[in-house]
Structure formats: C-alpha cells, structure tokens
Amino acid sequence: MSNQIGNYSLYIALFSSFFLLFHSSYSIRNKSKSLDSKIFSALSVQTFMVLISFFSLIYAFVVSDFSNVTVYNNSHTTKPLFYKISGSWGNHEGSLLLWLLVLTIFLFIFFISSKNLSNKYRIITVLFQELIIIGFLLFILFTSNPFLNLFPIPKEGTGLNPILQDPALAIHPPILYIGYVGTSIIFSSSLAALVCGMVNKIWAQHIKKWIITSWIFLTIGILLGSIWAYYELGWGGFWFWDPVENVSLMPWFCLTALLHTIIVLEKRNIYQSWTIILSIATFSLSMGGTFLVRSGILNSIHTFANDPSRGIFILCFLFLLVLLAIFIFFIFQKKLFKNLVKPLLVSKETAIIVNNWFMMFFLSVVLIGTVYPIFLEVISGSKISIGPPFYQKLMIPFLVPFLLFMALGPKLKWIKDNLGKVNLNQIIPFILSIVISYLIVKLFGISYLFILPLFAVGFFLLFSTIKDFFSKNSSLPQKISHFAFSLFILSILFNGIFAKEFSSNMKVGDERKFINKVIKFENLKIIEKDNYKSLMASFKISDEKRSINLNPEVRVYNQPRTLTSEAAINSTIYSDNFLVFNVIKDDGYYNVRYQYKPLMMWIWFSIILLSVGGILSYLKKND
Amino acid sequence: MYGKKVKLRAFFILLIFLSTALTIFLIIKALEENVVYFKSPTEIKNLSELDSKKIRVGGMVKKSSIKTNDTEINFVITDFKNDLLVSFKGSVPNLFEEGKGVVAEGFLKDRSYLKAVKILAKHDENYMPPEVNEALKGKK
C-alpha cells in the first residue's frame, strides 16, 4: 500500500513541477504581478507530495514491508528501529528521495522567505529550481524508483551493511545533503538575479543567509563523516583523501570562497561576475559529487551503486544545467553594473581575493587528484591511485602564506589601508609564535622542512585572533571561525607529529612493550546480541603512571553476514588511546593495532567551533 | 595609449593566467612523483623490469595461504593464473580473509614477492575493487 502512495505522490509532484515550469515562464512573459498564490499553492502541493512519499518509504522500512524492493535489499526485521529508519536513506534510491525532499523544502522556504524581493526574481528562481527538481524526479522515477514491487513477498530482507549501522552515519547523509542541496538555491537564485539585473547589495544580503546555511551543514556533514571513519573504519585517521571524502571537500572550498566574496559584494558592490561564477561552480561540484559517488566510478569504500546508466543520467543532466548556466551568464553578464576594482591595493577586498585564490588552488589540487585517475584509466587503461603524499606535498607549503593572510586580512580596512600600521601591531605575537615553534621543533627534534613555518603561522593566527577578541573592529563570527581554524591546524599538526602507532599479532595473554608502555591482551569473550555476535577483547595499556582498559570488539553480523571491528577509544582532552583488533585466521593470533593520538578531541572541537562562527553569523542582524 | 580599464583587465587576465599555469605545473610535478600504479600478479610476472617505486597489487587472498607469527602476516595474492607472495607487518582491515578480495600496497622485491606496507580490503562483503573484478574476469 505504501508503495502505491509513495509512487503516485511522486507523479503528482512531477505534475506540479511541470505546471510550475509553464506557469512561471508564462507569468514572466506577461509581466503579471499577482500570481503569487497559484505558484505558492503548486509549491505547497509539491512539497507535501514529496514529503508523503518520503514518509511512506520510512513507513515501509519501519514495518519491514518486504514487498518493496528497496526495503528488501536494505533492511531486516531484527534491525533496531533507529537503523530501520536511517536505513531508508542509507541506500541509493532512498538517498535520492532525500535529495529531492530537501530540494523541494528549500525551494518552499525560499519562496516564503523572499517576499520583500521582486516577484520576477522569485519566479525565475522557482523556474530554475523546478528544472533541477524535474531532473531529479525523472531520475528517481525511471532509473532508481524506491517504490518497486516485489512478488512473491519474501519473509526476510537482506539487511543493511552493518558498517552503516551507526548513529553518526545515520545522520551524516541528511546533514550533508542539506549542505549540498542548499547550493542549488544559491545556483538558481544567482542565475535569477543575473537575469533580473539585481546582482547587488540587497541580493547579497539575502543570499548570504543561504550560503551560510549550506556552509554550516556541509561543514558539520563532513565532520560527522570523518568522525565515523575515525572510529568505525579502524584505521585511526580522520581523513584519508579517499575520493568520496574529496568529493565533499570540493564544494566546501568553493562555498567557503563564496562565503567570503559575498561579503565584499554586500559591502562594496564589486566582484559580481565572480560571485555568480562561484555560485555556479559550487552547485556543479555538489551535483558532480553526487554523480561520482552514485555512479560507482570512484574506487572507494563508499561505492554503493554500481549501475553506470544512473551515473550517465546525472552526468548528462549536470552537463545540460551547467551549459545553460554558462549560456545565461554570457548573455546577461553585460547587464552587470561594473564597479572599477583596483587590484593590489592593501585592502580587505584584496585580502578576500587572496583567500579565494587559495581556495581555488586547494580545490584544483583535490579536483585533479580525484578525477585524474579516472581519466587516465579511460585514456590509457592503466590503473593508478593517488595517495595522501600528493595532497600533503601540494597543500602544506601553501598553508603557510594562507594562514598568514588569514591572520592579517581581517584587520585590513575596506577600500584602502596602510601597511605600516598593520606590521607594527603584529610584531609581538609574530615573534612570540616564532619562538614557541622554534622551541617545539628543537625540543622534540622534528626535522620536517615545513613544520617550523607551519607551526609559526599557526600560532601567529591563534595569537592574533585571540588578540582580536579584545578589539572591536571586525565581526565576532569571523573571529571565532578564524580562531577555530587556527586551533584546527595546530591540533592536526600536533596530532600528526606526535602520534604513535604500534601493531602486532597477539594471542590471548600476550604482552608487548611499546616505548614506555606495556600492552597486555587480557582476555576474550563472546557476547550474543540481537542481530550480531560480539567478540569482546580486553586490553590493558599501562605505563609508569597509570593504566587504562580498552575493550575493542569484532562483531559478526548475521544479516548480511559481515565482520566489523569496533575500535575501543579512550578520549581525554589531551589525547586519544585507540585500539582495534582483527581476526586474521582461526589460529589463535589476533591482529592488534594500538595508536596514541594527541589532541584528537581538539580536531573535532575546532570544526564545531568553526561552524559556531557560521551560526553566529547567520543569527547576526544585518548592519 | 590604452585606457586604465583595459590595462587593469589585461593585468588581471595575466595574473589569472600565471597562477593557473603555476598551479598546473605544481600539480603535474606532484602527480609524477606520487602516483601509485595498480597491477595484477600476472602483470607483475610479465614486467620487463622491476620498478623501485611503490605499487599496488590486487587479487584474491589464496585459500589457506595466510601464515601468522608474532610480527608478520604472510599470504599469497592470486588472480588464479599467477601468485604473488606478500609479507606484511602492521594491521589489516577487518575484511581481510582467505578467499576474499584484497589490495596490497608496497615494494616489489622480485617478480613473486612483495613487501607490503599497507593492506586494503573493502568494507562490503560482496564488494570487490573494480581492479580486482577486472583482473578476475573470466578466470573464475
């Protein structure tokens, strides 16, 4: 029953999309002004219908209705209720339905929250957004319908990949999708603003809220994904430069650049074309990300769908959208009011252009690192992979000037500032940070080339943002976010340099020495749970001062039969002790990996603080 | 003389062009040094000369080939045509099992022995790295 409801409501939503498409183009042509109500009701119908279809999918998952193919493939009766619900978006079909849901809800919110802006602009935004919605509706209905019937009805489903049965990963897709889909509103409305010739301060003020919203959700979404990878994948790291991770980072770079540029547009009314280009690029990267992840082209741990036709559809659709956007850009670009920009003056707008340059540089590095292997395989057939050294090598040297500009930029005034003044003010923290980093490097005998300057600029950013908290000349959200970023870089540095890792094969009762610690494998017991069996080990890590107990698990899930290992993590504000073990073979040996990771909590904390900056900036009244 | 606006624009375009060129140059240089090639045991057997660079080898873990001692894990990667012995010190992912797909990253000592520094296995019981899938095509 829920299958039919879900399916038909999607068709109604498609119908209202077409209605909106024709109606809005009709009303633009006739320049009518009082058509709000019709568009409003069509939008409400559409949002409501997609909502119903989404809930009927959740319902099917909750009651384990195995007449639904998607439920059959991804659920199981013994699964806990929470994961039955999250299972509805943990698969290809359901996750696209979630995309669509966020698309329609966002458009609806956009429409009711933009009443003070011109009707033409609102209607054109609806028009572009409906184009995207139609694309997704067609995609869902014809290539990945979540409401297909299965007959005869099976008694039991095949279950959700146990690695996805995790609280962080249950909420990770919705949060990330809100970030991704938020960029669609930015895309549509910037094209609409371009067509209406209103790329100006008022528009910037209005769209800034959407940019910040997407940015916050994207940031938190990426954070959740990397926390999950940290404790679930058992590698002990938080970022692997895996293609799927990179795909979420690319729109983030673009969005961060846009976040800064829009402030310039708002305050100074310059960089109009650049803002539009960034909006288009951000959305293309979000969509391209969905395409790459969903197509199964990427060789990654997250590849779920492996049906190339799906990928091709998104690719063609994206290609058409981008083509349309570029076409519109070149036609209407002449309409933009051109303020003469004086480059290379010492000013805030120049600092923001510098920020944008770095963002685009990081973006190109990640983009090429992710896409190059795919192209090479298509062209020459040789298979390659690009690992962390590639990214580190290209990014670390550029982080030094980047952080320096990040500390100095916000202190500059708009239009024109004086360099001499800035220098004098900054000399004390600068010397202090150099001394501190020199001491750290000397004391611990670090010999990497870029560590000293990186520490120095990291500390410099930290000190100068702390100092800024006592002055009043720049905004609080900016200070918090830049401060958080300096914490982030410093924690990563400490974490990377002082992390210690030990791995060995151990039998129960074995003891190993590691630096000043003793690792003892005390015992192993088997615990039966509802949908899995758990091998729970007990390890004792002790040094001269204290000892801690760690209880990692290996879980054997019955549906589908899968082994997962649950790392045992002992977190304090100073460091994490991370231990994971694996069954190799039935010969008594267990593969044990122990890691000591300093300041791990601070990495998570600093990202949360970074988004707090975003939230404050969202709440701030326009001045 | 050209107007101020034109000059500015030319300057801007030049700046963008230069920085793009710099970016591309750096990326290509880093790519050359950090690319890891993926090979199957058969391809390794047919190599004309051994490369000292890091490579990845993909295939299946041969049945009853895993041997463990206190520090090392030894096993055989097979593509059902040729075998490659792998020795590894370190930790393995939880789907590392006999008869399952695996990717080993490391340095070739000769055409039948790899000293691995990293073992990768995928987190899906049915999942096979596309490379492995391809290497195994028609051989099973």
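**Figure 1. Domains of chain A in the predicted model.**
The domain assignment, whose bounds come from an automatic or database source, divides chain A into domain 1 (1-164), domain 2 (166-341), domain 3 (388-497) and domain 4 (500-601). Between the C-alpha centres of domain 3 of chain A and domain 4 of chain A the separation is 37 Å. This is a predicted model, in which local features need pLDDT of at least 70 and side-chain atom pairs count only at pLDDT 80 or more, while totals for chains, interfaces and linings use all residues. Residues are numbered from 1 along each chain as its sequence is written, and chains are lettered from A and ligands numbered from 1 in the order in which they are written.

**Figure 2. Overall build of chain A.**
Chain A contains 17 helices and 11 strands, where helices (H or I, at least four residues) and strands (E, at least two) are DSSP runs numbered from the N terminus. Because its radius of gyration of 26 Å is close to the 25 Å that the globule rule gives for 623 residues, chain A is as compact as a globular protein of that length; the radius is taken over C-alpha atoms, and the rule is 2.2 Å times the number of residues to the power 0.38. The C-alpha trace of chain A spans about 85 × 80 × 50 Å along its principal axes. Of the 623 residues in chain A, 49% are buried, a residue being buried if 20 or more other C-beta atoms lie within 10 Å of its own, exposed if 12 or fewer, and partly exposed in between, with C-beta atoms placed from the backbone. Among contacts in chain A between residues at least 6 apart in sequence, 73% join residues at least 24 apart, two residues being in contact if their C-beta atoms, placed from the backbone, lie within 7 Å.

**Figure 3. The four-stranded sheet of chain A.**
Four strands of chain A form an open sheet in the order E2-E11-E10-E9, with antiparallel pairing, and two strands are taken to pair if DSSP finds at least two bridges between them. The edges are formed by E2 and by strand E9 (568-571) of chain A, each of which pairs on one side only. On average, neighbouring strands of this sheet are turned by 10° against each other, direction ignored; the axes are lines fitted to C-alpha atoms, for helices over the stretch in contact, and angles run from 0 to 180 degrees between N-to-C directions. E2(A) and E11(A) run antiparallel and are joined by seven bridges, and within this pair A:Glu501 has A:Gln595 of E11(A) as its bridge partner.

**Figure 4. The contact between chain A and chain B.**
Chain A contributes 40 residues to the contact and chain B contributes 37 residues. On the side of chain A that touches chain B, the elements that give two or more residues are helix H12 (348-380), strand E1 (383-386), helix H13 (388-408), strand E2 (500-506), strand E8 (561-566) and strand E11 (590-598) of chain A. H12(A) gives the most to this side, with six residues. The residues on this side of chain A comprise 19 nonpolar, 15 polar and six charged, with Ala, Val, Leu, Ile, Met, Phe, Trp, Tyr, Cys and Pro counted as nonpolar, Asp, Glu, Lys and Arg as charged, and the others, Gly among them, as polar. Strand pairing also crosses between the chains: E1(A) and strand E1 (residues 35-39) of chain B run antiparallel and are joined by four bridges, with A:Ile384 opposite B:Tyr37 in E1(B).

Chain B has three helices and seven strands, and its elements follow the order α-β-α-β-β-β-β-β-β-α from the N terminus on. Of its 140 residues, 34% count as buried. Strand E4 (residues 73-78) of chain B pairs with E5(B) in the antiparallel sense over six bridges, and B:Val76 stands opposite B:Leu85 in E5(B). The hairpin of E4(B) and E5(B) has four residues between the strands, and in this hairpin B:Phe80 takes a positive phi near 70°.

**Figure 5. Strand E7 of chain B and its partners.**
Strand E5 (residues 83-88) of chain B and strand E7 (residues 113-120) of chain B run parallel and are joined by four bridges. In E7(B), B:Leu114 is the bridge partner of B:Val86, and B:Ala116 stands opposite B:Phe88. Strand E6 (residues 101-110) of chain B pairs with E7(B) in the antiparallel sense over seven bridges, and a hairpin joins E6(B) to E7(B) through two residues. B:Gly106 also stands opposite B:Ala116 in E7(B).
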